[in-house]
Amino acid sequence: MLYVWLAIGAVALVLEICTSQFVSIWFTVAAAVSAVACALGADTAVQIVIFVVISVILIGIAIPFVKKNNKKTQKLNADSCIGQSGIVTQAVDNMQSTGPVKVGGSVWSARSADGTVIPEDCIVVVDRIEGVKAVVLRKDI
């Protein structure tokens, strides 16, 4: 039975390495403890109970920790552009699908939020991002 626990632990460890999502590390630890119990002469039923109990305890401890730390979201580059000013490098014309704007050092394809043509060299503000296009409004000076 010792080799069974070592095999279960090895498979769980390989799965963990492949996924890197803390999915099966708990089973690796539980299999190792069960292997120790086997080496110390514990009955097969006891080994199985140890495996199940340790797995459940470790998963029970991990789930709240993962949920708590998983709520952090990182602002994407696109999100950071919203509200920033930019300059039109070619007239923004929704009908012609033209109008790149330079915002924060990056050039974005742009659309006018209100549908009006925005001439070259005008200052705009990014209203929102739709896909890969910045939806902009002409900034009144």
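Which helix holds the place of Thr28? Thr28 sits in helix H2, which covers residues 25–39. Keep in mind as you look around that this is a predicted model.

**Thr28 and its surroundings**
- Thr28 has a relative accessible area of 14%, so it counts as buried, the cut-off being under 20%.
- Leaving aside residues up to four places away in sequence, Thr28 touches Gly9, Ala12 and Leu13.

**Aromatic rings**
- The model holds 2 aromatic pairs.
- One of them joins Trp5 and Phe51 in a tilted arrangement, with 5.2 Å from centre to centre and 35° between the planes.
- This pair connects distant parts of the chain: Trp5 belongs to helix H1 (residues 2–19) and Phe51 to helix H3 (residues 44–69), and the two are 46 residues apart.
- Trp5 is buried, because its relative accessibility is 4%.
- Phe51 is buried too, with a relative accessibility of 16%.
- Through ring pairs, Trp5, Phe27 and Phe51 are linked into a cluster.

- As a reminder, strands of a sheet pair through backbone hydrogen bonds, and the pairing can be parallel or antiparallel.
- Strand S2 (residues 100–103) and strand S3 (residues 106–112) are an antiparallel example, paired over 4 bridges.
- Lys102 stands opposite Val107, a residue of S3.

Notes
Residues numbered from 1 in each chain as written. Predicted model: local features only at pLDDT ≥ 70, side-chain atom pairs only at ≥ 80, totals over all residues. Heavy atoms only, no water. Pairing = 2+ DSSP bridges. Buried < 20%, exposed > 50% of the residue type's maximum accessible area, 1.4 Å probe, protein only. Contact = heavy atoms within 4.5 Å. Phe/Tyr/Trp six-rings, centres within 6.5 Å; stacked < 30°, edge-to-face > 60°.
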